[in-house]
Amino acid sequence: MIIGAGFAGYRTARTLSRLARGRADITLLNPTDYFLYLPLLPQVAAGILEPRRVTVSLSGTLRQVRLVLGEADRIDLDARTVHYTGPEGDGGSLSYDRLVLAAGSVNKLLPIPGVAEHAHGFRGLPEALYLRDHVTRQVELATATDDPASSAARCTFVVVGAGYTGTEVAAHGKLFSDAQVHKHPLRTGMRPRWLLLDIADRVLPELDERLSRTADRVLRERGVDVRMGTSVKEATREGVLLTDGEFVDTRTLVWCVGVRPDPLAESLGLPMERGRLLVDPQLRVPGRPEVFACGDAAAVPDPEKPGQYTPMTAQHAWRQGKVCAHNVAASLGDGEPRAYRHRDLGFLVDLGGVKAAANPLGVNLSGPAAGAVARGYHLAAMPGNRVRVAADWLLDAVLPRQAVQLGLVRSWSVPLDTASPELARVPSGPGRKRSGGEATESAKPQPAAEPARKQSGGEPAESRPGGEPAKKRPGPRPPTGPHLAPGPVKRTDSPDSPADPDHPVDPFEGDS
Ligand SMILES: Cc1cc2nc3c(=O)[nH]c(=O)nc-3n(C[C@H](O)[C@H](O)[C@H](O)COP(=O)(O)OP(=O)(O)OC[C@H]3O[C@@H](n4cnc5c(N)ncnc54)[C@H](O)[C@@H]3O)c2cc1C
């Protein structure tokens, strides 16, 4: 039984089904029917790739694996059962002989006033689609107005967190909005303005300094306002107050300050390392030989850096998935267990256009060479859909990008403080039952959110109620206070999250 079909869980399922050759029942529990190739998500937000390109069908590629759609909300280690909630609110439980926990991570929130209400994360497909539409709409609204103040606020985009996600979102976003304005210049003559903030002293703080320098240079040449040593003190409907005292009028706050492990791991009451489930080098949970964990949700000892744990990256999750599958098979008498080892293959940061910053196998590259390596790497690394991705890239190279807003994902559909960023909230979604029949907050339907009537493709008021609450997760969750996302959504930052907005992002918690 594998929980989560991301990099780690998908690879575990795929490898295990090859090793088992029909001799094992493999069940994969995941809220969506696809594997999401997260590194290309910024290209979805920038309108380069259609959203389905970055997905890989689970049932289409894992033929020997039973796919159960749902989210695990409780694991009973003694009874060896997993309780889950399905997509239509119905629950169930699944029993297992071996369990692999690969539930990944969720957006990390810091307790900064207004952020939960006004910021959006960048962790799942709904958030990427929301951002694509939102940027398009802001530029269109700015184009139509004669009011310079309104135009400036709509065309100002603030991205917080200069890890690889924030850096890529800002780099692609600037190109995307510039292209729109190039076709339809703003009446006020302004240009879109993108700000990239981080409390760290450099862009890509957790990566090699040479990658930082390349990314910093490309961003500044492109006109992105890169402000290091700066964060958000307060977010409001009208804009954001920065820690340097400046108030920036904006309608867009993208929160990329990092991720924290999925809260499901904490609920097990097993030894943890900063929210990640502690495992041994063979990815086994100490004292529970039938339980394995890998990917972002697991603290895996790093053999290259004794005393440390592998960072939360796709590379590690993908390779750990393979080792995990071998060790699950070994635990059933097929083969020998192996320890997780890795060789650093370097890192790629796609900066849009033909530019990237990369250090494959330690060789530093920038410009078009890095861009070509980045695209080649992604095509090789994706477990499917390569031809469609390549076709979209080709079309993007020869045709103007399509900037239209479909308005399918509204602001309240993608709350920042959700434990399941892979699912968009829907108005009056089905209620969910706690395992054991106890009704959750969501069992009582909220009034449905009305569609925006007066703005084509627009947003309903952010405070509009209705919607499916976040899934029930065990463990204490302090309330966020009044927040405007639909339904009672629980925050996912740990109770010990730093109260100081200036607190640097912990590199061990990964970057989203
Ligand atoms: C925008 C973005 C860009 C990134 N770019 C890069 C990059 O360029 N290079 C890099 O190395 N890393 C990158 N990362 C980080 C990388 O994607 C993660 O480290 C990696 O996805 C971790 O893999 P995982 O399998 O642990 O988790 P995930 O890939 O997140 O998968 C977790 C899965 O578990 C499911 N799940 C969650 N909770 C439950 C539950 N309760 N029950 C059932 N299923 C559940 C989720 O729906 C998901 O399918 C990026 C991350 C983001 C967000």
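A residue is taken as buried if 20 or more other C-beta atoms lie within 10 Å of its own, exposed if 12 or fewer, and partly exposed in between, with C-beta atoms placed from the backbone.

**Figure 1. Overview of the chain.** By that criterion, 51% of the 512 residues of the chain count as buried. This is a predicted model, in which local features need pLDDT of at least 70 and side-chain atom pairs count only at pLDDT 80 or more, whereas totals for chains, interfaces and linings use all residues. Residues are numbered from 1 along each chain as its sequence is written. The chain holds eleven helices and 26 strands, which are DSSP runs (helices H or I, at least four residues; strands E, at least two) numbered from the N terminus.

**Figure 2. The largest nonpolar core.** Such a core is a set of buried Ala, Val, Leu, Ile, Met, Phe, Trp, Tyr and Cys residues joined through C-beta atoms within 7 Å. Among its 125 residues, Leu-101, Val-159 and Cys-294 touch the most other members, and helix α5 (residues 125–144) gives the most to this core, with eight residues.

**Figure 3. Helix α8 and its cover.** The 14 residues of helix α8 (residues 209–222) should span 20 Å at 1.5 Å a residue, which agrees with the 20 Å between its end C-alpha atoms; the expected span is 1.5 Å times one less than the number of residues. The buried residues of α8 are Leu-211, Ser-212, Thr-214, Ala-215, Asp-216, Val-218 and Leu-219. Their cover, counted by contacts (C-beta atoms, placed from the backbone, within 7 Å), includes α7 (164–183) and β12 (193–198). Just after α8, Gly-223 takes a positive phi of about 100 degrees.

Key
Contact = placed C-beta atoms within 7 Å.
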